[in-house]
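Me: Hi! Could you walk me through this one? I'd like to chat about it piece by piece.

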Amino acid sequence: MIDAAQDALDRLTRVRGVRGALLVSTEDGLVVAEAIMEGVAAKPIAALAASTLTRLARAMPRAGLRAPQFVQLRAERGMMLAAPAGDDLLVVAIADPTVNVGLVRLELLDVVAAVVGR
Amino acid sequence: MSTVEPWLAGPLGRFVDESATRITLLMTAAGQVVAQHGFTRRVDVMAAAALGAGIVASTEAMARMLGAGGFATLAHQGRTQSLVLLPFATPRGRWIALVVFGRETTIGLVQVFLERLAAEVAADMPPEPARAPLTAERFEQELQDSLRNLFGRAS
């Protein structure tokens, strides 16, 4: 499973503007697999992404919605895109603000499929 | 939260606020407590410090025996509470951070903020004040002073 996920993460980082892609343990916020550019700090991204997604997953049902399937956070200097892969894992991409979000989303969901289809 | 040295209050306060941990203990490698958050009883903090220092010492001895040369962090995951021990280098020698946290945070977040705390403590640490030679009487007095700083009263 890790090999397939690693290949999919590598593909995700080939999208122009993507600086890194991570497979993260949802409960722990720890990195399971990564493909990131030099200078991108994987550990804080993994921890903060897992925390954010976990809180969203708790909050959304209270708003009458279901747990998030895809999350996009846009900041001044970049973007975090994430999607849960089953109950235990999370796929996270860090990208430049100008990235083609649609393309990243497609590749990100491919990683999810590679992980869930384990 | 209480600290033996006032400069520790800033970094420790930020860590407690951001990481949402329940208990934090900073100590020397010998188990001498320098700051704590979350403990209410002196006996608990002294016991936790002694046990934490002992765990780090014994695990590092085992790591050396296995040729691993040491470890970065030691984590124990419980059902409702978990524990992380992080030994780190400072200008005054090795210190140890002991953190207890619940399900309101994650080990990933705790490790990230704990590594930042260790870096801030090492960077902000002032030189150790010169001390007179330690005698039995001074040892008792220093121990009482430390306890008073940590808990507001001596035994």
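This is a predicted model: local features need pLDDT of at least 70, side-chain atom pairs count only at pLDDT 80 or more; totals for chains, interfaces and linings use all residues.

Me: Great. How many helices and strands are there in chain A?

Reply: Chain A has 3 helices and 5 strands, taken as DSSP runs numbered from the N terminus (helices: H or I, at least four residues; strands: E, at least two). Along the sequence the pattern is α-β-β-α-β-β-β-α.

Me: And what does chain A span along its principal axes?

Reply: The C-alpha trace of chain A spans about 40 × 35 × 25 Å. As for burial, 36% of the 118 residues of chain A count as buried, that is, with 20 or more other C-beta atoms within 10 Å of their own; 12 or fewer is exposed, in between is partly exposed, and C-beta atoms are placed from the backbone.

Me: Switching to the contact: how many residues does each chain give?

Reply: Chain B gives 6 residues and chain A gives 10 residues, with two residues in contact if their C-beta atoms, placed from the backbone, lie within 7 Å. The chain B side that touches chain A divides into 3 nonpolar, 3 polar and no charged. Here Ala, Val, Leu, Ile, Met, Phe, Trp, Tyr, Cys and Pro count as nonpolar, Asp, Glu, Lys and Arg as charged, and the others, Gly among them, as polar.

Me: At what angle do H2 of chain A and H3 of chain B pack?

Reply: Helix H2 (residues 42-62) of chain A and helix H3 (residues 107-124) of chain B pack at about 140°, with their axes 8 Å apart. Axes are lines fitted to C-alpha atoms, for helices over the stretch in contact, and angles run from 0 to 180 degrees between N-to-C directions.

Me: Which residues meet there?

Reply: From H2(A), they include Lys43(A), Pro44(A) and Ala47(A), and from H3(B), Leu109(B) and Val112(B) are among them. By class, the contact of H2(A) with H3(B) has 6 nonpolar, 3 polar and 1 charged residues.

Me: New topic: what about the phi of Ala20(B)?

Reply: Ala20(B) has a positive phi of about 60° although it is not a glycine. Ala20(B) sits in the loop between helix H1 (9-19) and strand E2 (23-28) of chain B.

Me: Is Ala20(B) exposed, partly exposed or buried?

Reply: Ala20(B) is partly exposed, with 15 other C-beta atoms within 10 Å.

Definitions and conventions:
Residues are numbered from 1 along each chain as its sequence is written. Chains are lettered from A and ligands numbered from 1 in the order in which they are written.
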